[in-house]
Amino acid sequence: QLQTVREQIIDFSSTPAPVLISGETGTGKELVARAIHDLSDRADQPFIAMNCATFEASSFERMVFGVQNESLGTFMQAEGGTLFLDEVASLNPDIQAKLLRAIEHREITPIGSDKPQSVDVRIVSASNENLDDAIAAGRFREDLYYRLSTVVIDLPNLRSRKDDIVLLMQHFLSHYATLYETAAPELDAEEIATLLAHDWPGNVRVLRNVAERRVLSARRGGGSIGASMRLDNEMGNVPETLR
């Protein structure tokens, strides 16, 4: 599955087309967005990430379009580069309309100005919510969806990639062992079974957290994968045997 994603990143990075990245929380959507930017002909220009879940209608134009002679909005900050819109499904309808116009016309009007300014940015967006469902529920504009989704990359969740779990854990254990200047703990059969039995609702992000906790525990002379998973407050579906 990730071989396919890798090929899509390489293929689509050379085009100016908008890209929509879909996937559950923790699957690496921003990593993919940055890879698309880094492999594109815009790589030496800015990559600006915006978390749309933090936007309020009252401050949207100031943050995104800027204020004349006072501050640059994120569109101008990303000029020549890539603007990454994370969690686009969380935008309210008023903001969606303003964003759609800016993307369609490739221009913005800063607060306090009566003259639109042209902008040259590539739009890459991401959502952990199914936008088809959001459109059907009337929470997301269909016309904005089509502007954002010329190219769609679907990131697989970790529970559908069972064969990758142990490899990823070993990679993260090695990484954090180097970071904390200690030996990487070896996974025993029980720990491997524990890893494979879990559904990983937080995906790779939580797997990485568990690996870091396991290395820190090993550095103190103890710990196990099960204990590391119990300590992680982000786990929403820990097997009963680990609680």
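In this predicted model, the mean positions of the 24 positive charges (Lys and Arg) and the 36 negative charges (Asp and Glu) of the chain lie 2 Å apart, where His and the chain ends are not counted and each charge is placed at NZ of Lys, CZ of Arg, CG of Asp or CD of Glu. Because the model is predicted, local features need pLDDT of at least 70 and side-chain atom pairs count only at pLDDT 80 or more, while totals for chains, interfaces and linings use all residues. Residues are numbered from 1 along each chain as its sequence is written, and side-chain values use heavy atoms, with hydrogens and water left out.

The C-alpha trace of the chain spans about 65 × 40 × 35 Å along its principal axes, and its secondary structure consists of eleven helices and nine strands, which are DSSP runs (H or I of at least four residues for helices, E of at least two for strands) numbered from the N terminus. Of the 243 residues, 46% are buried, meaning under 20% relative accessible area with a 1.4 Å probe, protein chains only.

Turning to open space, the largest pocket holds about 610 Å³. A pocket here is an open set of points on a 1 Å grid over the protein atoms alone, where a 1.4 Å probe fits, with protein on both sides within 12 Å along at least five of seven lines, and lining residues have an atom within 4 Å of a point. Among its 25 lining residues, Gly26, Thr27, Gly28, Lys29 and Leu31 are the closest to the centre. Helix H2 gives the largest share of this lining, five residues.

Notes: Buried means under 20% relative accessible area, exposed over 50%, partly exposed in between (1.4 Å probe, protein chains only). Grid points are joined across faces, edges and corners, and a volume is the space filled by probe spheres set on the points.
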